[in-house]
Amino acid sequence: MSTEAVAVITFPGSNCDDDTVMALGRLGVPVVRRWYRDRDLGEARRVVLPGGFSYGDYLRSGALAARAPIMDAVEDGVATGRLTVLGICNGFQILCERGLLPGALRPNRDGRFRCTWEWVRVATAPLHWPEFRPGTRFRLPIAHREGAFTLPRAELDRLWQEGAVFLQYCGPDGAVGDEYNPNGSMDQVAGICRGRVMGLMPHPERAVAAYLGSEDGLRFLRAWLASEGE
Amino acid sequence: MGPQDVGLTEAEYEAVCERLGRAPNPLELGLFGALWSEHCSYKSSKSALATLPQRGPAVVAGPGGNAGVVRLWDDWLLAFKVESHNHPSYVEPVQGAATGVGGIIRDVVAMGARPIALMDSLRFGPEPASERLLDGVVEGVGNYGNSIGVPTVGGEVYFGAGYAGNPLVNVLCAGLVREASLMSSAGARSGSRVYLVGQPTGRDGIHGASLLASQDFSEHPEAVESMRPTVQVGDPFTGKRLMEATLAAIATGWVQAVQDLGAAGLTSASAEVAYRSHCGMELDLDRVPLREASMTPYEIMLSETQERMLLVVPEAGAAVVADAVRRWDLELIPVGRVVDEDILRLRWHGAVVAEVAASALAGGCPVRTVPEDARWPRPAPALALEEPAFQPEWLPQVLAHPDVRDREYIYRRYDWMIQTRTVWGPDHDVAVLCLHEAPVGVTLALSGPGRWAAADAWAGGAGAVARAIGAVLLQDSEPLGLTDGINCGNPNRPAVWREFLDLVGGIRDAATAFAVPVTGGNVSFHNETEGRAIWPTAVIGAVGRHDHPTRPWPDRVPEAGWRLVLVNPPTVPGLGGSVWAYMRGNLGAYPRPDLTVIPQRLRRLRALLARLPEGAFCVRTVGDGGLAAALVKMLGPEGPGAAIALEPQALVGRLFSEVAGQALVAIRPGAWRAFQAGAEAAAVAYLELGETWPDPVLSLQAGTQGWSWSLAALWAAYRSRVQAPRPSHS
């Protein structure tokens, strides 16, 4: 695990930025905070887009934040292959809105916000992260109104073929089925990974201690930090 | 425009004229109408509230400010208060509830505190008619709290016919502040500038305080419809930025006073700061940023546009504070200055348009005194309930009752874990938060079923306090303070007025008996429609310091073989006010809590349990649904089960009585002797119930009769309203 600093971006309506910084702090990783109006990420080669309601999200979640100045720097870093990105919840929505990840997060199928503990499993091993082995399970909370991963069927099939379908909601034993789908995501998709860009709806930064319900978030973040092939 | 147009009585109008030495102009009349409203002046409740115990070793700031403040640990303080938003939530449930959340968050922020927790206390009419209202209110609470990033860590919901036209939405917010950053509205000094931050002022919510919150509802739907423009619209995104900007401004050290613009908007904020700071204020209303250019001074002063904050900053600090605010895309707008005389002077393009003493506005409203004979509660009503033979179906029925059943259908729509402090969330009887800032935690309880106060308001008030503090104590926490949300009908009706006094009396007597002060709260009157009032309802919030928050005392029994005991079993397990009685259609009167013994008994139980080894026991207070509900919740859906035996006499009472002070405790077999010995030494009374066993079945033996239920069936009843079926994805 590299000890190089991780940048955490704060948009004006971000509200999981502090939790994310603290979670990374628990893992002993130096964190630099970046403001949405900043135009560069400094030396950081890893960046986290935390959860929240980046601009109030009265339009679509993440739609405005995707056009913030800092996102130019994120896109540049991704294009040149020097940046590793993690988008959590609203951060995932921003990545999709910016076109850095495929698909869209539509309103949950019951139209309501939902905050519950869920199980997710690694569906496909992401190329650059050896510690995310297929079948690995994590117990993580979700907290969102717009988390139903959606895109045309053929494109989702292509994502499967590309190995981009990273995380799926599942049962405690890893079984995948619609009964374990909390929000109506297609194929129970909880997270997507393409190249060095990863996004997921669950909140690993909240699952950082057994007394908070689970430590699996630390395990998740540790695995994310252990990316290879820089 | 006459006094009645702004909600003033003739007598009050005369008092205004007397204070001014002249007749007020229409703008001045509007100011008085707003600040002398029941909602702002507490004119009917002030004298009674003054009788509550307000001092205690932990109290840093008592009632009167934006929120009460208690010392948590070292220089870390907890600011907390409950506030109501009942009338707006009936008129427009989503926005009414959302702005209620926004308002109490701003109150806590105005103390300089960062909000760390919300709890909501809701009351609705019977289902199914109330379902849409509940859905809207829950949506509104969630919209605001989820967006602004403050977790809703618990709450309560009850149903009753009286709430059908008068739903209650009371919200508690708690926030953390270091002593050096503690703010108030009392620090403004002459010569400093007055600034507004936040939303531009619009025409929303004008007369919200005087006409909406301070009057009864009429039965006519069109009348409620016509009130809709008096409800404000919440914008949690601006609320979030305003919260951050205000806290950043305070962190500069330049801010002298902060006041949020809530009820009666700028009128209340400016008069309160001037009055509490013992100075005056001049405002140039033409400098107030407006959403609609054509607004008049009257509309500007009475607008209740949300997400606005008033800051008092000396000239020298203005640039630094403006920078801090601007980071959040907000502007520090100068609108006036603090002056060294008791005046609120309003100017409009240079000309003085109103000039009244700040003390007359904020402190001058004639208040209603408490009659001497109302200082003691009336005798308890004798409403004995007959106890019929036990019916086994009552157990699942009580568990499925709307006042008892699992509330997950509500709380899963709230983000209850953001800020990563929530060790215990809304799936427990109390919330337990760990702090990143200090080596202690916070325990929060919120309680106050109207059923208990329906026939005897004193019993209901005392019961709510005993329950909230009891829940804190039995989570091994030291109670530091209380906040009271009082909700009643029209105080001008003698019966309601007396109910109110008794309710406050019960709170006062119980808080005194427990030696836990009331540091602030809220009174909402006029919760009645066409002369039908709600049950007098005291929503009591209790906060405590937890010394081992990451290891809370468990409330779920882990395995078979544990002994089950009912601690503090009442000699007469009265059923009055209980869910069981409510279900049967004859509520009776809630048994008066015996305040001479309950505080000591609960403290002794806490001390006894604290001496047992960790993991040797689990504990729950007995509340809605009585011992039966507590037992089923302690066992959990998968078991272990339990075999218990009770006396056949008063069996129904033993199972379903909600008498205050009872606790269900399970003891690991190896610790049983230590528990027995400790209980004997500390004179803790208990009734042995039986023990847990591996079968996921609850069996009950009473004399020669026996019954049993599968836990799966009981939990299915308990969770009957939880899971809306998930439609399959196509």
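**View 1. The contact between chain B and chain A.** In this predicted model, 26 residues of chain B are in contact with 26 residues of chain A, two residues being in contact if their C-beta atoms, placed from the backbone, lie within 7 Å. On the side of chain B that touches chain A, two or more residues come from each of helix H7 (131-148), helix H10 (236-251) and strand S14 (422-424) of chain B; helices (H or I, at least four residues) and strands (E, at least two) are DSSP runs, numbered from the N terminus. By class, this side of chain B has nine nonpolar, eleven polar and six charged residues, where Ala, Val, Leu, Ile, Met, Phe, Trp, Tyr, Cys and Pro count as nonpolar, Asp, Glu, Lys and Arg as charged, and the others, Gly among them, as polar. Residues are numbered from 1 along each chain as its sequence is written, and chains are lettered from A and ligands numbered from 1 in the order in which they are written. Because the model is predicted, local features need pLDDT of at least 70 and side-chain atom pairs count only at pLDDT 80 or more, whereas totals for chains, interfaces and linings use all residues.

**View 2. Helix H6 (residues 93-110) of chain B beside H10(B).** The axes of H6(B) and H10(B) come within 10 Å and cross at roughly 5°, with axes being lines fitted to C-alpha atoms, for helices over the stretch in contact, and angles running from 0 to 180 degrees between N-to-C directions. That crossing makes H6(B) roughly parallel to H10(B), a description that applies to angles under 35 degrees, while those over 145 count as roughly antiparallel, those from 65 to 115 as roughly perpendicular and the rest as oblique. From H6(B), Gly102(B), Ile105(B) and Val109(B) meet Pro236(B), Gly239(B), Met243(B), Thr246(B) and Leu247(B) of H10(B). The contact of H6(B) with H10(B) has five nonpolar, three polar and no charged residues.

**View 3. Ala98(B) in helix H6 of chain B.** Ala98(B), found in helix H6 of chain B, is buried, with 32 other C-beta atoms within 10 Å; a residue is buried if 20 or more other C-beta atoms lie within 10 Å of its own, exposed if 12 or fewer, and partly exposed in between, with C-beta atoms placed from the backbone. Not counting residues up to four places away in sequence, Ala98(B) touches Gly140(B), Asn143(B), Tyr144(B) and Gly234(B). Pro591(B), by contrast, is 493 residues from Ala98(B) along the chain, and their C-alpha atoms are separated by 36 Å.

**View 4. The buried side of helix H24 (residues 711-718) of chain B.** Leu711(B), Leu714(B), Trp715(B), Ala717(B) and Tyr718(B) in H24(B) are buried. They cover an arc of only 155° around the axis, which puts them on the same side of H24(B), the arc being that of the directions from the helix axis to the C-beta atoms. The buried residues of H24(B) pack against helix H15 (394-400), helix H21 (626-635), strand S24 (641-646), strand S27 (697-702) and strand S28 (705-710) of chain B.

**View 5. Trp709(B) in strand S28 of chain B.** Trp709(B), which is found in strand S28 of chain B, is partly exposed, with 19 other C-beta atoms within 10 Å. Leaving aside its neighbours within four places in sequence, Trp709(B) is in contact with Leu395(B), Val697(B), Leu698(B) and Leu714(B). For the pair Trp709(B) and Val697(B), twelve residues apart in sequence, the C-alpha to C-alpha separation is 5.7 Å.

View 6. A cis peptide bond, with omega near 5°, runs from Glu127(B) to Pro128(B), and Pro128(B) lies in the loop between strand S4 (114-124) and H7 of chain B. The peptide bond from Gly639(B) to Pro640(B) is also cis, with omega near 15°, and Pro640(B) belongs to the loop between H21 and S24 of chain B. Tyr42(B), in the loop between helix H3 (38-41) and helix H4 (46-49) of chain B, has phi near 55°, a positive value in a residue other than glycine, and Tyr42(B) counts as buried with 21 C-beta neighbours inside 10 Å. Phi of Glu307(B) is near 55°, a positive value in a residue other than glycine; Glu307(B) lies in the loop between helix H12 (297-302) and strand S10 (308-313) of chain B and is buried, with 26 other C-beta atoms within 10 Å.
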